[in-house]
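Subject: Structure handover

Hello,

Here is the structure for you to look through. My notes on it follow below.

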Amino acid sequence: MILAPLFLFAAAATFEDSFRAGLIALQRNDLKTAQTELAAASKLAPGNGRVWIALAQTYRKLNEFALANEAAAKAEQLGAKDTVVLTSLVIFYNEAGQTFRAAEVQARYARLVPNDTAARERAETLYFEAAQPLLQQGKFSETIPILTSASKAIPASAQLQLALGVACYGLRRFDDAAAAFLKTIALAPEIPQPYLFLGKFLDQVPARLPEITKHFLAFQKANPDAFAGYYLHAKALNAQSVEPETAMILLRKAAAINDQDAAVHFELGSVLDRLRQFAEAASEFERASSLDPNDAATHYRLSRVYDRLGKPEAALAERTKHAALEQAARAAKN
Amino acid sequence: MKRWCAILCASQCIAQNPLPQFRDMAREAGITQVVPNGGTTSKQFILETTGSGVALIDYDNDGKPDAFVASGPGSPSRMYHNEGRGKFRETTAELGLTRQGWAQGVCAGDYDNDGYTDLFVTYWGQNSLYRNVGGKHFEDVAGNLGLTQARTRYNTGCAFLDYDNDGKLDLFVANYLKFDFDSTPQPGANPYCFYRGIAVNCGPRGLPFDRNLLYHNQGGTFRDVSDASGISKPNGNYALGVLTADFDGDGLTDIYVACDQTPSILYINQGDGTFSEEALLRGAALDESGKALSGMGVAAADYLHEGRPSIFRTNFSDELETMYRNRGKGEFEDASIEAGLGQNTRFVGWGCGFLDFDNDGWPDLLLVNGHAFPEVDKLNIDVHYRERAILYRNNKGHFVDISEKAGPGITTRHSSRGLAIADIDDDGTEEILVNNQGEPPSLLRQTAKPSGHWITLKLTGVKANRSAIGARVRVTAGTLVQTAEVRSGGGYLSQSDFRLHFGLGSSTAVDRVEITWPGGAKQVVRGLEADRVTPIREQ
């Protein structure tokens with residue numbers, strides 16, 4: 001497959017003879033002949049990127065990987081604007097398991113053919129394929145350079161922005177993560193994941209909260225039947241300690257849609273606690289605790305409201321559960 | 001004409017509330033010596049990360065606060081005498097302050113009631129109690145007065161306090177953890193020795209806890225009453241900053257200790273020589289989700305004019321700063337977000353203190369920052385070893401971050417630790433001394449005087465301890481009613497001026513000052529003029 005376009009462009013005279021002979025040999029899998037002919041051709045026309053990519057392919061088949069990579073690098077350098085060389089390089093790098101390099105070359109090719117949507121999509125896919133295994137292994141620091149390069153090459157990809165956000169979140173680079181998720185929202189506001197991720201670390205991006213709140217409100221309005229929209233909007237308000245009454249209404253709507261989510265009840269309990277409605281707060285924390293008995297924070301908040309309601313024994317019981325869960329979490333971490 | 005008047009009025013309104021501009025004047029002032037604290041590009045041990053504090057105290061009773069800077073090895077801790085007109089002169093050697101070592105914290109108090117402020121300096125190793133001999137010399141009397149420790153301890157924050165109201169200052173000393181160079185693992189040696197994937201010095205997790213200490217002043221010597229008083233009971237806390245105050249309003253001094261990666265401690269004074277640790281019960285140990293944060297520095301103020309000291313604590317990066325609002329009787333709630341403090345999570349905060357930089361009668365808040373690990377700079381993230389300070393303006397109980405517009409004194413990056421506050425030239429604006437790791441200290445000063453009026457009260461105890469530590473003051477000026485307390489230690493391992501500074505806004509006089517001296521005696525002074533330092537002696 002890689003050789004077909006190259007046949008068409010084999011040059012004249014001695015170079016042509018060697019190049020053609022090399023390509024034919026390569027197609028027949030006569031690798032020694034291919035190497036000899038293509039090496040000769042490369043000496044005759046050292047600035048021809050197409051010879052170098054054919055040579056790279058030959059070396060790879062001969063398991064001469066260092067030479068193959070060297071030849072491919074020359075092809076990349078010499079054929080930077082040659083679509084034939086670039087498409088051949090994509091195949092070479094992909095077959096060699098160098099998916100990120102294949103993506104980089106494919107992106108370069110896509111820039112040369114701006115009307116070819118499929119070329120851009122192929123680059124996006126390759127970038128994602130390069131990053132995904134690293135993301136899954138939690139190798140976030142290795143993933144970020146790939147996805148940063150990817151998002152520069154294909155700035156309109158929501159998928160790549162989302163992946164970049166996840167990688168930054170994994171490394172606790174919260175501001176970068178927020179930036180990536182907000183870009184994702186700008187590109188594809190209908191995708192729920194960036195909203196859900198942002199909702200996980202609102203306390204780490206205080207400066208962005210007003211902007212995030214606007215997006216959460218829009219998400220809520222676009223998804224009136226989803227509890228997540230109301231919940232996230234309320235959570236963003238709570239993170240700024242503003243509009244507690246609005247937050248309470250939103251959370252009650254969320255709970256009416258889905259009564260089985262502990263986080264909604266916890267957040268509602270927190271608002272009621274802040275509004276000093278301790279009995280109602282206790283009910284919500286109790287509900288959250290029944291849905292997720294292993295959440296230490298809920299037990300702590302319950303202990304605090306029980307204290308305020310004059311229930312010291314119940315408070316002590318919750319404090320004990322909180323301490324045990326915290327200790328278990330520390331032990332698991334160690 | 002009307003239009004011009006309106007423009008003039010608007011410009012005057014703006015001028016009344018301008019943003020402060022802070023500048024670092026340490027160099028011009030003569031405070032120029034570098035403060036070594038271990039490595040500057042890499043720190044092998046946790047001991048290199050925690051030091052050290054500063055103090056602004058008037059050691060020679062000339063009315064002007066002098067500057068003390070605690071230091072790690074490579075330099076003695078230094079004293080700079082306040083010569084007036086913004087100038088300081090180093091007097092370290094002539095005062096006999098020659099000791100070098102891993103100095104950590106500093107707190108002051110006239111423990112022998114001789115009229116001269118003494119200085120206590122904590123160390124990894126034996127602490128020093130510097131008795132002030134007539135304002136001319138300091139002699140280390142720790143060994144003679146019962147303060148020798150049987151083993152090497154990692155002493156950090158400290159405070160003099162009169163916990164039994166007998167007129168003699170006792171001494172509290174926080175201990176961080178058990179540390180020695182030989183047994184502490186090297187960076188990267190175990191999971192506790194990494195930060196975001198890079199090898200850094202180990203701890204505090206993974207290193208053994210130690211216990212805090214209380215020494216009772218027997219009238220000449222000190223006696224270790226840590227066990228008898230219940231102070232040594234908590235055994236699972238990495239203790240750093242110390243703050244004393246009467247948190248529950250019962251007339252007895254309590255002790256709050258900011259703890260790193262573990263619940264903070266609130267010792268409630270039982271009035272019978274014992275303390276009960278009640279931070280968890282009273283809502284001052286954890287954040288509002290029940291997580292123990294990495295507490296470093298700690299300060300108190302009545303930031304809402306409720307007549308009660310609330311607690312502010314600095315924490316690590318990725319954590320909010322904490323404001324524990326005192327709801328009365330020493331019951332606290334985490335009000336950090338409500339107070340406007342949920343703004344900064346990328347800083348590791350250390351020194352902190354309340355000051356009224358605009359003299360509007362509402363205590364503002366300053367904290368200084370700097371990461372524990374210099375290696376963090378290799379990560380190329382938005383967390384840095386050297387960081388700017390954070391200045392919050394108190395807008396009638398709600399804090400607004402004005403750091404970026406508050407001048408180079410605030411925005412210049414350092415890896416700062418302790419800070420102390422005092423009006424060094426009695427002009428009605430408070431200055432701030434900051435200890436910077438591996439650099440000379442900063443002395444932050446406003447470039448223009450704020451428009452608000454002020455009063456500074458210098459209290460002297462007679463039946464109470466001479467330093468008046470523990471005296472609580474309520475100042476009424478027009479509709480402004482403010483409370484504060486004379487305090488030893490506080491912030492991050494540091495000592496601010498004993499004198500209490502109050503902004504008075506537009507009031508040109510103080511209607512009433514009510515002092516509750518340690519022991520409960522009350523004294524009322526009326527009709528004080530503003531814009532001056534006023535001494536008040538216990539009657």
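Contact here means heavy atoms within 4.5 Å. On that basis, 27 residues of chain B are in contact with 25 residues of chain A.

First, the ground rules. This is a predicted model: local features need pLDDT of at least 70, side-chain atom pairs count only at pLDDT 80 or more, and totals for chains, interfaces and linings use all residues. Residues are numbered from 1 along each chain as its sequence is written, chains are lettered from A and ligands numbered from 1 in the order in which they are written, and side-chain values use heavy atoms, with hydrogens and water left out.

Confidence

The model scores ipTM 0.87 and pTM 0.88. The pLDDT is the predictor's confidence in each residue, from 0 to 100. Chain B has a mean pLDDT of 95, with 97% of its residues at 70 or more. Residues 1-16 of chain B are below 50, and this stretch has one contact in the model beyond near neighbours in sequence. Where pLDDT is low, the predicted coordinates should not be read in detail.

The interface

Buried area is the accessible area (1.4 Å probe) that two parts lose on being put together, summed over both. Between chain B and chain A it is about 2,200 Å², and carbon and sulfur atoms give 42% of that.

Seven salt bridges are counted between chain B and chain A. A salt bridge is a side-chain nitrogen of Lys or Arg within 4 Å of a carboxyl oxygen of Asp or Glu. In one of them, the side chains of Arg274(A) and Glu288(B) meet at 3.6 Å, N to O.

Helix 5 (279-282) and strand 23 (332-334) of chain B each supply at least two residues of the side that touches chain A. Helix 5 of chain B gives the most, with three residues. Helices (H or I, at least four residues) and strands (E, at least two) are DSSP runs, numbered from the N terminus.

Two sheets in chain B

Two strands pair if DSSP finds at least two bridges between them. One open sheet has four strands in the order 20-21-22-23, with antiparallel pairing. Strand 20 (298-301) and strand 23 of chain B are its edges; each has a single partner strand, so one side of each lacks a neighbour in the sheet. Three bridges join strand 21 (residues 310-313) to strand 22 (residues 322-326). Phe312(B) stands opposite Met323(B) in strand 22.

The other open sheet has four strands in the order 2-3-4-5, again antiparallel. Its edge strands are strand 2 (54-57) and strand 5 (87-90) of chain B. Four bridges join strand 2 to strand 3 (residues 66-69). Ile57(B) stands opposite Asp66(B) in strand 3.

Salt bridges overall

Over all chains, the structure holds 46 salt bridges. One of these joins Arg20(A) to Glu16(A), with the closest N and O atoms 3.4 Å apart. Both residues lie in helix 2 (residues 13-27) of chain A, four residues apart, about one turn of the helix.

Best wishes
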